[in-house]
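Here is a short tour of one protein chain, meant to be read with the structure open beside you. We will look at a sheet and its helix, then turn to pairs of charged side chains.

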Amino acid sequence: MNLQDILEKEIQKAAAEIYDVTLETVEFQATRKEFEGDITVVVFPMLRVIKGNPVQIGEAIGTYLQEKVAAVSGFNVVKGFLNVVLSDTYYLSFFNGIGDFSSFGRVPQSDFTMMVEYASPNTNKPLHLGHIRNVLLGYSVSEILKAAGRKVYKTQIINDRGIHICKSMLAWKRFGNGETPETTGLKGDKLVGNYYVKFDKEYKKEIAQLVEEGVSEEKAKAEAPSLVAAQEMLRQWEAGDPETVALWKMMNGWVYEGFDATYEAIGVDFDSYYYESDTYLLGKDVIAEGLEKGVFYKKEDGSVWCDLTPDGLDEKIVLRSDGTAVYMTQDIGTAIQRVKDFPDINGMIYTVGNEQDYHFKVLFLILKKLGYDWAENLHHLSYGMVDLPSGKMKSREGTVVDADDLIADMSKTAQEISEELGKIDDFSEEEKKDLYHTIGLGALKYYILKVDPKKRILFDPEESVDFQGNTGPFIQYTYARIQSILRKAGSLPEQSTMYGYVLQEKEKEVLKQLQLFPEVIQQAAEQYSPALVANYTYDLVRLYNSFFQNVPIFGADTQAEKEFRIRLSHAVGAVIKTAFEVLGIAVPDRM
């Protein structure tokens, strides 16, 4: 039983003994910085069952807690808030009870299994900054869920078919002269992406030419020769034309190699892959079964729909009149296939931008109507777009921030700042290169993950690599400083109970923050929000740095103080490392 549960039980006893009433629940909150105390009891909700002055009620309950609960050393009441002061013994007992903080915050794996989908790129262009937010969120949520005790499968669905893929194929066929990643020295995804941009340029030229000849713009867009040819190529692909399929396989193969290199550079992985070319027909059998059950209905033109108006949504098409699948058909089939492939799945999380909010409301509701019990536990991890100071990104026009270029730029910025600080002169060139990559990637990941997923981000690369403030490098630097302290200490002092040790305020602040970590991991898992872990870690580092600047470690007055402060530093380092592991960020031992 944690302290809050103990206090709640004792407050309920106090209400029964003093006022002869039953308190169903007790409301707690963090004590405001301007008041003394470690946890605050909100008295106002109690007035529903206890009649009287909130200050007097707070005084009576505070006195009861101080007498009955060993962990409570004092209290004060401000208006309707009872601020409870916890004893040094309580904090030292918590600290000594953990011992080794290396796995603190992680809980053993349960049978509850989630599948997390993220990345899900198109094979007509390289990964860009928008994909990076998706990938970082999905990977981090997966790792947070694992730390919180869930079993997790990481997956993605690759959008490897459709008109957009055929546009790249057509442009390569017309203008590529047989060039390959090997002959050009370009990553495969970059090469294919260039042809997607090339198609768009040619297509726009054709539209302009047709408009000049007197064709309406709308008609020109629909009848431009390049688009007509791409549509014909898609028909050939769907018909299984050997030449078209061979070209599609070759160019997609180039892209997958490029994607894999980018994923490796970012430091993320997957347990399984699904391909739209395999799954776009999967849902058709399910639709047929749903028609028999009355979940779907057929219109006169032969198209199949699901009526969701009684649920506050609209009617949704699930099969076109010619029998071809739509995105919804594919997503229904893919979800069901995943549970067949991984029968222990209890639910799924889809990491997809917020422009698809409605799509997922519909998908989840249809799966529930089809009678799948796991459909009760589906979640859309919806996130806002990433903007740049220069404006919005556009793939077709080639004005995107390429993921590989961004990672390289972040490493370069980290190098410039590190060289300015001049603290790594004794590093080998290989060590420096690794460090720049670790700092640059840490800066990028932290800047994106510290923001609530639902909010848009204006990404500023230079601000993200600042060694001061709420940034990845600031936290990495503190971790490296702690490792330096531990190296100087030689070995970690033996654990001792230290009863009677009087905590300094700065030590107590760090202990209070450390104690919150397991709860933060659980909250982040429930809310699918890495931002909670990121900002918790920043607060911990801020408090530790304040302790470090104000409380001597090696110059402590007594051996007991020195040993305690070394062990406290070790605990903070261990928690930073765990927190950054679940965010997918590495921490360097030296900086």
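## A sheet, a helix and some charged pairs

In this predicted model, helix H1 (residues 3–19) lies across E1, E2, E3 and strand E4 (81–86), and runs at about 140° to E1. Those strands make up an open sheet: there are 4 of them, in the order E1-E2-E4-E3, with antiparallel pairing. At the edges you will find strand E1 (27–29) and strand E3 (72–78), each of which pairs on one side only. From one strand to the next, the twist averages 30°.

Now to the charged side chains. Side chains of opposite charge can pair when their charged atoms come close.

| Salt bridge | N to O distance |
|---|---|
| Glu 117 – Arg 338 | 2.8 Å |
| Lys 151 – Asp 344 | 3.0 Å |
| Glu 429 – Lys 432 | 3.7 Å |

Let us start with the salt bridge between Glu 117 and Arg 338. This pair links distant parts of the chain, with Glu 117 in strand E5 (residues 113–117) and Arg 338 in helix H13 (residues 327–341), 221 residues apart. Are these two side chains buried or exposed? Glu 117 has a relative accessible area of 6%, so it counts as buried. Arg 338 is buried too, at 1% relative accessibility.

The salt bridge between Lys 151 and Asp 344 also connects distant parts of the chain: Lys 151 belongs to strand E6 (residues 151–158), while Asp 344 sits in the loop between H13 and strand E11 (347–353), 193 residues apart. Lys 151 is partly exposed, at 26% relative accessible area, and Asp 344 is partly exposed at 27%.

With Glu 429 and Lys 432, both partners lie in helix H16 (residues 429–449), 3 residues apart, or about one turn of the helix. Glu 429 is exposed, with 61% relative accessibility, whereas Lys 432 is buried, with a relative accessible area of 16%.

Finally, take a look at a group of charged residues elsewhere in the list.

Conventions: Residues are numbered from 1 along each chain as its sequence is written. This is a predicted model: local features need pLDDT of at least 70, side-chain atom pairs count only at pLDDT 80 or more; totals for chains, interfaces and linings use all residues. Side-chain values use heavy atoms; hydrogens and water are left out. Two strands pair if DSSP finds at least two bridges between them. Helices (H or I, at least four residues) and strands (E, at least two) are DSSP runs, numbered from the N terminus. Axes are lines fitted to C-alpha atoms, for helices over the stretch in contact, and angles run from 0 to 180 degrees between N-to-C directions. Contact means heavy atoms within 4.5 Å. A salt bridge is a side-chain nitrogen of Lys or Arg within 4 Å of a carboxyl oxygen of Asp or Glu. Buried means under 20% relative accessible area, exposed over 50%, partly exposed in between (1.4 Å probe, protein chains only).
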